[in-house]
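This report goes through one protein chain part by part. Keep the sequence and the 3D view open while reading.

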Amino acid sequence: MHIRKNSARLRDQERARLIWLLTTDKAVTSTLLGKLTLAEQYDVGTLADDIAEVGALVAHLPPPDLADTLEALPSEERHALWRLVQDHERGQVLLEASENVWDDLIDEMSDKAILDALQTLDIDDRIYLVQHLPRNLTGRLLASLPAGERARVRQVMNYEKNSVGAIMEFGVVTIRSDVTLAAVQRYLRQLGNMPQNTDKLFVTSRDKTLLGELTLQTILVNGGQIRVSEVMEADPMTFSPEDDAEKAARTFERDNLISAPVVDAAGKLMGRITIDEIVDVVYEETGNDMRAMGGLSAEEDVYAPVRRAVKSRWAWLAINLCTAFIASRVIDGFEQTISQLVALASLMPIVAGIGGNTGNQTITMIVRALALQQIQPGNFSFLILREMGVALINGLVWGGIMGGITWWLYDDMALGGVMTLAMVLNLLVAAIMGVIIPMVMTRLGRDPAVGSSVMITAITDTGGFFIFLGLATIFLL
């Protein structure tokens, strides 16, 4: 089958080939980094062909694919690839890459090289990247900008990282309400090009107060003699620069927006946010939430140095160790029970494991609902009762099955009954805590995803052991 020159499949194949060449042949990486030893110079001809192929792939792949490739490589191979990226493309590649890649690459670059890479970007992209630069470079970059652009950068840097103001673009097309659509068309032709993701123009007064918006579709399908004020949307969806970016993303999804204006408290147009920035916000928040639920920091990188990975994980591991120690003390408290009925030792992990799985399922659902603002204070009782109902049914079904298996294996009906009851009770505990933990963390102003998986596992392990061994002590001894 013929594959088009710029097809998605071909780009995926080229990206995979580039990663394979850099990760499977250390001689290629060593050569690019200037570290090739005599022992590695085994076949100059083959090595030269591989390096030529790597160079050709880098030259052909667009910046977004190069950024993805950098994220898929260990540090040494990442630096080798970076040396092949053309100077005029480096800024765009940095823009598309993650913060972990920036930190790794910027460490090796000189201040001049970083500033040169940023010079190829437009002002909005430079504003985005400057927020992640070392402080000494921020001042130098600001000094190189015209006064107007310098003021814009300072303005954005005053906003919180996760706010609309921090991701807004200043590149907007504005028009007046009293002109005709024909005049608007002439104006657009004079501009020659428009900012990316432009699906609408913003209608403003002379003092930049936002009056409405005019879609490109409206301009195309209506007669040129019609005035803008007659067909514009006079009450558009707007955002404040202080608005939370994640909440803005939910509005974009709900209203199917491509772009939207950002206005200040007086209603004056400041800039806009587009679907491009929103996708980045959603992607970043999704990744952060996944890491946070497992007790990992937002900066965790699969190819980060061992030292940095250890530093980012130790806190939750310490908490997990403490909770595991508590669980072991619970088991130790039933030492006499276990010594008299050894079968309990092999059955305990089943009760704890099924409870942890149920708790994680509940927490995942609740955290997602909280993120989408689907949960209100009045829903709390309903959610508790619903999850308890689900846990009760699952506990009776799977607990009954496991109780029957236990009865069959150990020829002890009472032990099977204890197994069933322990699973039912631990699933109920897991369901209740799976709702309570994220809700309480939200009430305290904390991210409900952070470490919730670690906490629910600790509770279901300790609770499961206590419930199972306690029931065994009461009914079997």
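## Helix H7

In this predicted model, helix H7 covers residues 99-106 and is mostly covered: 6 of its 8 residues are buried. Those buried residues are Asn100, Val101, Trp102, Asp104, Leu105 and Ile106.

What do the buried residues of H7 pack against? They pack against helix H4 (63-71), helix H5 (75-82), helix H6 (87-96), helix H8 (111-119) and helix H9 (123-130).

## The chain as a whole

The secondary structure of the chain consists of 23 helices and 5 strands. The chain has 477 residues, and buried residues make up 43% of them. It exposes about 25300 Å², of which carbon and sulfur atoms supply 57%.

Contacts can also be sorted by how far apart the partners are in sequence. Taking the contacts between residues at least 6 apart, 65% join residues at least 24 apart.

## Nonpolar cores

In soluble globular proteins, nonpolar side chains tend to be buried together. In this model the largest nonpolar core has 59 residues. The members that touch the most other members are Leu18, Leu22, Val54, Trp82, Phe239 and Ile273. There is also a second, separate core of 22 residues, which includes Ala327, Ala352, Met419 and Met423.

Which residues does phenylalanine 239 touch, leaving out those up to four places away in sequence? Its contacts are Val164, Ala248, Thr251, Phe252, Leu257, Ala260, Pro261, Val262, Val263 and Ile273.

## A three-stranded sheet

An open sheet is formed by 3 strands in the order E1-E2-E3, and its pairing is mixed. Strand E1 (174-175) and strand E3 (210-215) are the edge strands, each pairing on one side only. Strand E2 (residues 200-204) is joined to E3 by 5 bridges, and these two strands run antiparallel. Across this pairing, phenylalanine 202 stands opposite glutamate 213 in E3.

The loop between E2 and E3 contains lysine 208. Lysine 208 has a phi near 75°, a positive value in a residue other than glycine. Its relative accessible area is 56%, so lysine 208 is exposed.

## Another positive phi

Asparagine 256 lies in the loop between helix H16 (245-255) and strand E4 (259-263). Asparagine 256 is not a glycine, yet it has a positive phi of about 55°. Is asparagine 256 buried or exposed? Asparagine 256 counts as exposed because its relative accessibility is 65%.

## A buried glutamate

Glutamate 169 sits in the loop between helix H12 (164-167) and E1. Its relative accessible area is 13%, so glutamate 169 is buried. Not counting residues up to four places away in sequence, glutamate 169 touches Asp124, Gly271, Arg272, Thr274 and Glu277.

## An aromatic pair

A pair of aromatic rings is described by the distance of the centres and the angle of the planes. The structure holds 2 aromatic pairs. One of them is formed by phenylalanine 334 and phenylalanine 466: the centres are 6.0 Å apart, the planes make an angle of 70°, and the pair is edge-to-face.

Why does this pair tie together parts that are 132 residues apart in sequence? Phenylalanine 334 lies in the loop between helix H18 (306-333) and helix H19 (335-340), whereas phenylalanine 466 lies in helix H23 (residues 452-476), so the pair links these two parts. Phenylalanine 334 counts as buried because its relative accessibility is 14%.

## Threonine 473 in helix H23

Helix H23 also contains threonine 473. This residue counts as partly exposed because its relative accessibility is 31%. Leaving out residues up to four places away in sequence, threonine 473 touches Phe334 and Thr337. The C-alpha atoms of threonine 473 and isoleucine 338 are separated by 9.0 Å, although these residues are 135 residues apart along the chain.

An α-helix has 3.6 residues a turn, so residues three or four places apart point the same way. The side chain of threonine 473 reaches the backbone oxygen of leucine 469 at 2.8 Å.

Conventions. Residues are numbered from 1 along each chain as its sequence is written. This is a predicted model: local features need pLDDT of at least 70, side-chain atom pairs count only at pLDDT 80 or more; totals for chains, interfaces and linings use all residues. Side-chain values use heavy atoms; hydrogens and water are left out. A nonpolar core is a set of buried Ala, Val, Leu, Ile, Met, Phe, Trp, Tyr and Cys residues joined through side-chain atoms within 4.5 Å. Buried means under 20% relative accessible area, exposed over 50%, partly exposed in between (1.4 Å probe, protein chains only). Contact means heavy atoms within 4.5 Å. Two strands pair if DSSP finds at least two bridges between them. Helices (H or I, at least four residues) and strands (E, at least two) are DSSP runs, numbered from the N terminus. Rings of Phe, Tyr and Trp (its six-membered ring) pair if their centres lie within 6.5 Å; planes under 30 degrees apart count as stacked, over 60 as edge-to-face and the rest as tilted. A polar contact is a pair of N or O atoms within 3.5 Å; within protein, one must be able to donate a hydrogen and the other to accept it, and residues adjacent in sequence count only if both atoms are side-chain atoms. Accessible areas come from the Shrake-Rupley method with a 1.4 Å probe; for residues, only the protein chains shown count as cover.
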